[in-house]
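Please open the model in a viewer and keep the selection panel at hand.

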Amino acid sequence: MSAKLGEILVRENLITPQQLRDALEYQRNNGGRLGSNLVKLGVVSDDVVTAVLSRQYGVPSINLELFQIEPEVIKLISHEVALKYSVLPVSKVGATLTLAMADPTNVFAMDDIKFMTGFNVEPVISAESSIQHAIGKYYTGSSEIDIFDAAFAEEAEVAFNGNGHHASSNGHAKVSSAPGEGLQEGDLDVSLDRFTFDSNEHENFELVEENDEIDLAALARASEDAPVVRLVNVLLVDSLRRGASDIHVEPYEKDFRIRFRIDGILYDVMHPPMKIRDPLISRLKIMSKLDISEKRLPQDGRIKIKVKIDNRSRELDFRVSTLPTLFGEKVVLRLLDKEKLMLDMTKLGFEVESLEKFQRAISNPYGMVLVTGPTGSGKTNTLYSALQSLNTPETNIMTAEDPVEFNLQGINQVQMKEQIGLNFAAALRSFLRQDPNIVLVGEIRDFETAEIAIKAALTGHLVLSTLHTNDAPSTISRLVNMGIEPFLVATSVNIIQAQRLIRRICQNCKEEVHMPSEGLVEIGFKPEEVGDVRLYKGRGCQACNNTGYKGRVGLYEVMEITDDLRELIIIGASAMELRRKAIELGMITLRESGLCKIRDGITTIEEVVKETVL
């Protein structure tokens, strides 16, 4: 951009070649944009540079002094983002945000602001000095957190070390990733570019011990002046506000990336500077009570926080996993939000007949209930919902989990610890001496666990567990391949349920779409019902981050083990034969469950096709 602007100015005799060389030399020594430097040197005026850029890029120019911008529009972009990219929101019409920019070619700025606000960005050009003046005018008294203001950057004097941070005499803090290596002014500007949050949010953030709560005021005082600590706090809070299930903190050779998994899809949210990598990962490990000196081995921990959002106190758990990679430790935090745990089975997405079969199976006094599906398909939620419906004072329920995700009142939950020999098989053996009525085994991974679970199911206990298989019929083959006799599988298993999670259409921007009849038949609809099927999708709005989806719902394939299926299992029938017989007996497959969700306007064809097969 710089060279081309200079060439145009010289070609139009607005500056001389010598003036361009002087400006470029000034730019090499002092940084900044060529246009701004030409204005500073008094060679041309702001209006001339703006007019040339407007013609060059075909983008309209704007005089901000003639505009009075609404406060609601200003609030769409934080002070930090406006300063970082030298931009200012001017107006909002429908789903389009008009953005005054000093550099209209900065696609990174436009992409960031589009993701952050949920609006399409329409750039207009304004002089950099006009934008800076307008930022000072409109953001004075702004309620946004201004962690990295000029005064802070100038006065930052305290180095962050591996054990946390300490305050300097002037009350400010400075971060460094290695002894003697401090952050420079602006190094952290990118840290909050995708976040919008209230100025009280950080002060309402409280780290909680497993069995004790730290004083809120003391924690606020301790972390107030440390940028890394504040950034981590804001990161955790923002993941909750965005409805993220996981936070991925990923170091690479020349990049440091943070992503959120929202409704099953990963989104880029931040690229902090490399210098903050080690302090940020160390902070997460300190909060998780992990060994910050151990960087060669994977570690697992937990963060418990209490945070006040929208005048409401929330207690959250983060399950933390660290993994040594080529360029540092990757950290993944799984948000375990009790408020998102849906224990009402009628709201999980079951079809009526599938739910009746499942409830009938878990109401049996003995036998085995198996839930299958890949990681992240909602198996834990389904099993917890089943346990909650069975949880009465007369029932002794015991669970062996790895890890225990949610604490359920009235249920005896045991965390597996492989390093000391406490695995599923060992826990299950002990459970049988604890007089249980219902036993949950987190996962059947080997013959030993499967054998004990089946024996428990045959001796008067209701056993719930999970496996990783693609559908319900293939679970039988998996158990037999593990070494379990077919007649034991046939007599012990009550029901097998396969499930997936798919995204819901955003109700805020839902609209009807059309598709050729041939396409509907191809994905599984019957020719006679095609005329009655109405299809919907989300247009994309601020509520759903322009994705068209918000929230998720389950697809369920429930195979009840009837006498007919038992006979086939005993004679060693294949998964394909079991599937055909189950469908003949009325089993709704995962694809059919998806088609039901499409008919009901809950999801889209793309989501169902992505997660199921015919």
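Helices (H or I, at least four residues) and strands (E, at least two) are here DSSP runs, numbered from the N terminus. On that basis the chain has 23 helices and 21 strands. This is a predicted model, in which local features need pLDDT of at least 70 and side-chain atom pairs count only at pLDDT 80 or more, whereas totals for chains, interfaces and linings use all residues. Residues are numbered from 1 along each chain as its sequence is written, and side-chain values use heavy atoms, with hydrogens and water left out.

**The whole chain**

Begin by colouring the chain by pLDDT, the predictor's confidence in each residue, from 0 to 100. The mean is 81, and 85% of the residues reach 70 or more. Next, colour by burial, where buried means under 20% relative accessible area, exposed over 50%, and partly exposed in between (1.4 Å probe, protein chains only). Of the 614 residues, 50% are buried. The accessible surface (Shrake-Rupley method, 1.4 Å probe) comes to about 28500 Å², and 49% of it belongs to carbon and sulfur atoms. Contact means heavy atoms within 4.5 Å; among contacts between residues at least 6 apart in sequence, 64% join residues at least 24 apart.

**Stop 1: strands 1 to 3**

Select residues 87–93, 96–101 and 120–125. Two strands pair if DSSP finds at least two bridges between them. These three strands form an open sheet of mixed pairing, in the order 1-2-3. Strand 1 and strand 3 are at the edges with a single partner strand each, so one side of each lacks a neighbour in the sheet. Axes are lines fitted to C-alpha atoms, for helices over the stretch in contact, and angles run from 0 to 180 degrees between N-to-C directions. With direction ignored, neighbouring strands of this sheet are turned by 30° against each other on average. Strand 2 and strand 3 are parallel and share six bridges; Thr98 can be found opposite Glu122 of strand 3.

**Stop 2**

Select residues 141–199, where pLDDT stays under 50 and the model has 134 contacts beyond four places in sequence. Then select residues 210–225, also with pLDDT under 50, with 30 such contacts. Where pLDDT is low, the predicted coordinates should not be read in detail.

**Stop 3**

Select residues 256–262 and 265–270: strand 8 and strand 9 run antiparallel and are joined by five bridges. Phe260 stands opposite Tyr267. Two residues lie between the strands of this hairpin, and Asp263 has a positive phi near 55°.

Move to residues 277–287. Lys289, with a positive phi near 60°, follows the helix.

**Stop 4**

Which order do the seven strands of the next open sheet take? The order is 15-14-16-17-13-18-21, with mixed pairing. Strand 15 (412–415) and strand 21 (549–560) form the edges, each with a single partner strand, so one side of each has no neighbour in the sheet. Neighbouring strands are turned by 20° on average, direction ignored. Select residues 367–372 and 462–467 to see strand 13 and strand 17 run parallel, joined by six bridges; Val371 has Thr466 of strand 17 as its bridge partner. Finally, select residues 447–458: helix 16 lies across strand 13, strand 16 and strand 17, at about 135° to strand 13.
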